[in-house]
Amino acid sequence: MFGDAVVTSAGDQYRIQVSPGHDADEVDHHAADEIGPTGRPYREVPEPRPLDRHGPATVIAVCNQKGGVGKTTSTINLGAALAEYGRRVLLVDLDPQGALSAGLGVPHHELEQTVYNLLVPPQVATDEVLMRTRVEGLDLLPSNIDLSAAEIQLVTEVGREQSLGRALHPVLDRYDVVLIDCQPSLGLLTVNALACSDTVLIPMECEYFSLRGLALLTDTINKVRDRLNPRLDLGGILVTMFDARTLHSREVMARVVEVFGEAVYDTVISRTVRFPETSVAGEPITSWAPRSAGAKAYRALAREVIARNLKGA
Ligand code: ADP
Ligand code: MG
């Protein structure tokens, strides 16, 4: 039923005035009838209200079994933008590559205790692994290559799909949001993330629309919901690496919106060299280039996520 589709039909309904790739201060005042990159009108989400108390956290798995689609970039920058809005945020690096930890300037290769030690016996306390980052309100459970052994070691454990959930449980009350950066696979680590999440955020590179890939992912989400975690829902699809200058990008976007409708976030992340730069700098774009279009986009996404996905709003 599903096949890989590169779309050929395009709509002319776009009126896009930003030029991604040029980063400086692009237009961010939209007229009331302005059409956004999704083809829908811009819907400005207002600034979130400050919270007078924190927790319990909404857990969001950032998930796509394809690599290089912007999972890690989105986890860091959405997390940092949520922290700017006064939310207490915990980021979980669930990829043995440790790109999330590296992207926050953590020398992960040198760490003795990582997420691995939370999952595999003899487990350590979550607080022994938890660390602060340079961004206020943004904490991290780091990982390194040790985690690559966890999948095999967990196979013989009872309740192996719930290992991450058990580790996160003691700290959930301290945070408003937990974002889990998944590895590019649908293996046991990703199932652990889905089993303890409230919602899934799927970043999708606006290059090539693989309906088959997304169908595999939504199948996995449905299975986890049926068998392990009835509260799991699809939070939304985030289109990344959008380039308004190319017809191809606009065509892929039109197709994604046609298939997934309102599940697609209004916020779209444009392609810009600023993101690779931030990984080298080891900090989020919101502090590295606070006025850049990329920082503004992740703030807009944070407002959407707060309004749409967070329990306590
Ligand atoms: P994933 O975690 O899904 O593998 P990453 O977030 O690591 O993907 O992104 C893959 C590469 O693309 C990284 O080098 C990152 O800096 C870069 N990247 C991510 N988002 C963008 C973007 N919007 N524009 C340009 N490059 C991006
Ligand atoms: Mg990654």
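A pocket, on a 1 Å grid laid over the protein atoms alone, is an open set of points where a 1.4 Å probe fits, with protein on both sides within 12 Å along at least five of seven lines, and its lining residues have an atom within 4 Å of a point. A volume is the space filled by probe spheres set on the points, which are joined across faces, edges and corners.

This is a predicted model, in which local features need pLDDT of at least 70 and side-chain atom pairs count only at pLDDT 80 or more, while totals for chains, interfaces and linings use all residues. Residues are numbered from 1 along each chain as its sequence is written, chains are lettered from A and ligands numbered from 1 in the order in which they are written, and side-chain values use heavy atoms, with hydrogens and water left out.

**First stop: the pocket.** Select V69, G70, T73, M241 and F275, which lie nearest the centre of the second largest pocket, among the 18 residues that line it. About 290 Å³ of space lies in this pocket. The elements that give two or more residues to its lining are α1 and α10 (helices are DSSP runs of H or I with at least four residues, strands are runs of E with at least two, both numbered from the N terminus), and α1 gives the most, with four residues.

**Second stop: ligand 1.** Now show ligand 1, which takes up the space of the second largest pocket (a molecule sits in a pocket if more than half of its atoms lie within 2 Å of its grid points). Of the 15 residues around ligand 1, those that come nearest are G68, K71, T72, T73 and S270, where a residue counts as near if one of its heavy atoms lies within 4 Å. Both α1 (71-84) and α10 (274-281) supply at least two residues of this shell.

**Third stop: polar contacts.** A polar contact with the ligand is a pair of N or O atoms within 3.5 Å. Select V69, where a backbone N or O atom lies 3.0 Å from an oxygen atom of ligand 1, and then G70, where a polar backbone atom is also 3.0 Å from a ligand oxygen. At P276, a backbone N or O atom lies 3.4 Å from an oxygen atom of ligand 1.

**Last stop: the backbone.** Return to M241, which has a positive phi of about 55 degrees although it is not a glycine, in the loop between β7 (233-240) and α9 (247-260). Finally, select P121 and P122, whose peptide bond is cis, with omega near -5 degrees; P122 is found in the loop between α3 (115-119) and α4 (126-129).

Note on methods
Polar contact = N/O pair within 3.5 Å; in protein donor to acceptor, adjacent residues only side chain to side chain.
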